[in-house]
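Me: Could you walk me through reading a sheet and a pocket in a model? I'd like the general idea, then the case at hand.

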Amino acid sequence: MNESLAPVIATKTVKTEFLTVSEGSVAGVQQFARGLRSGKEVLTLELQMYVDAPNPRDVIEIVGEPPLRLVIEGGCRAM
């Protein structure tokens, strides 16, 4: 498996009902992971999770027969 995790830096100050993130501060993370089987990529994860992300949503895409693409507008939220 190949994986990377990097901070997302706020390009402006963002205020929410829970917190304020100042410009230049860490606003969240961006993660990529690739699962390999016999040297071939069979699974890809791209996660962007940060304050003030444009068009928040969760997308699951499966390449296969039949192909499947599921978009959850606003994303899944823990209750």
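Predicted model: local features only at pLDDT ≥ 70, side-chain atom pairs only at ≥ 80, totals over all residues.

Me: Which residue of β4 is the bridge partner of Val-8?

Reply: Gly-28 is the partner that Val-8 meets in β4.

Me: What is the strand order of the open sheet?

Reply: To read a sheet, find its pairs and follow them across. Here three strands make an open sheet in the order β1-β4-β5, and the pairing is antiparallel.

Me: Which strands are the edge strands?

Reply: An edge strand pairs on one side only, and here that describes β1 (2–9) and β5. From one strand to the next, the twist averages 10°.

Me: Now the pocket, please. What volume does the largest one have?

Reply: The largest pocket comes to about 1400 Å³. Its lining counts 36 residues, with Glu-46, Leu-47, Gln-48, Arg-57 and Asp-58 nearest the centre.

Me: Which elements give two or more residues to that lining?

Reply: Look for β4 (26–37), β5 (40–50) and β6 (57–62). The largest share is from β5, with 10 residues.

Me: How many of the lining residues are nonpolar, polar or charged?

Reply: Sorting a lining by class is a handy last step. For the largest pocket, the lining divides into 19 nonpolar, seven polar and 10 charged residues.

Key: Residues numbered from 1 in each chain as written. Heavy atoms only, no water. 1 Å grid on protein atoms, 1.4 Å probe; cavity = no way out; pocket = protein on both sides within 12 Å on 5 of 7 lines; lining within 4 Å. Points joined across faces, edges and corners; volume = space filled by probe spheres on them. Helix = DSSP H or I, 4+ residues; strand = E, 2+ residues; numbered from the N terminus. Nonpolar A, V, L, I, M, F, W, Y, C, P; charged D, E, K, R; others polar. Pairing = 2+ DSSP bridges. Axes fitted to C-alpha atoms, helices over the stretch in contact; angles between N-to-C directions.
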